[in-house]
Amino acid sequence: MTVQEFFRKIFFIEILKGLSLTLSRLFTKPVTRRYPKQKRPAALGFRGLHALVRNPATGDVKCVGCGLCAAICPSRCIYIYTSEGPEHQKIVDRYEIEVLRCVYCAFCVEACPFGAIVLTPHYEYANYRREDFYMTKEKLLENWDKYMGDKGLDYFDKFWNPKSSHFTTPEGQAVWRHKDG
Ligand code: SF4
Ligand code: SF4
């Protein structure tokens, strides 16, 4: 033990330093909040409760039932049931998420090519029954209306990256384009 360490020990320097820090904080404004009375709004991009994006044109889900989100989900907690529509398009009959198994990785959001699923900033959904954590398509659409709605555009325009406009095609490469544009 060095002389310096010896004096630090016998004069309780570390304890005095700790006490002085405590005393210096006694009269400052507390940084803790009295949750749930005081709440801090979660930032856009917070990985909270899931929602399915509502297509404003149809009022139904924007999801096309491609299944990429379910395929990438490491918890295997997304279930999608589709059927064939009159024009041979896929109809999403059921879209379900077992929220209790989710690890909030947001891979589903990243994988979705249509921006059809999001994790909302809502985090206060503690409950007593397992069934309340089983999200159906209807509940997921409700979550969009309740917790994203107008904020949803900000989520995709200002927060979410990469955007489809970020992807460019190398010159000369054949690309698929819609016949109207
Ligand atoms: S956040 Fe991750 S674990 Fe949760 S549903 Fe999406 S992909 Fe699955
Ligand atoms: S990846 Fe997107 S469009 Fe495809 S099934 Fe999932 S939510 Fe629907």
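View 1. The largest cavity has a volume of about 100 Å³, where a cavity is a set of points, on a 1 Å grid over the protein atoms alone, at which a 1.4 Å probe fits but cannot get out, and a volume is the space filled by probe spheres set on the points, which are joined across faces, edges and corners. Fifteen residues line this cavity, and Cys-73, Cys-77, Cys-102, Cys-105 and Cys-108 are the closest to its centre; a lining residue has an atom within 4 Å of a point. By class, the lining of the largest cavity comprises 13 nonpolar and two polar residues but no charged ones, with Ala, Val, Leu, Ile, Met, Phe, Trp, Tyr, Cys and Pro counted as nonpolar, Asp, Glu, Lys and Arg as charged, and the others, Gly among them, as polar.

**View 2. Ligand 1 and its surroundings.** Ligand 1 takes up the space of the largest cavity, the criterion being that more than half of a molecule's atoms lie within 2 Å of the grid points. Around ligand 1 there are 13 residues, of which Cys-73, Cys-102, Cys-105, Ala-106 and Cys-108 are the closest, a residue being near if one of its heavy atoms lies within 4 Å. This shell has 11 nonpolar and two polar residues, and no charged residue.

**View 3. Ligand 2 in the second largest cavity.** The space taken by ligand 2 is the second largest cavity, which has a volume of about 70 Å³. Among the residues that line this cavity are Leu-52, Tyr-95, Phe-114 and Ile-117, and the lining as a whole has 10 nonpolar, two polar and no charged residues. Of the 13 residues around ligand 2, those that come nearest are Cys-63, Cys-66, Gly-67, Cys-69 and Cys-112.

**View 4. The chain around these sites.** The chain has six helices and five strands, taken as DSSP runs (helices H or I, at least four residues; strands E, at least two). Its radius of gyration, taken over C-alpha atoms, is 25 Å, well over the 16 Å that the globule rule (2.2 Å times the number of residues to the power 0.38) gives for 181 residues, so the chain is more spread out than a compact globule.

**Notes.** Residues are numbered from 1 along each chain as its sequence is written, while chains are lettered from A and ligands numbered from 1 in the order in which they are written. In this predicted model, local features need pLDDT of at least 70 and side-chain atom pairs count only at pLDDT 80 or more, whereas totals for chains, interfaces and linings use all residues, and side-chain values use heavy atoms, with hydrogens and water left out.

How values were computed
On a 1 Å grid over the protein atoms alone, a cavity is a set of points where a 1.4 Å probe fits but cannot get out, and a pocket is an open set with protein on both sides within 12 Å along at least five of seven lines; lining residues have an atom within 4 Å of a point.
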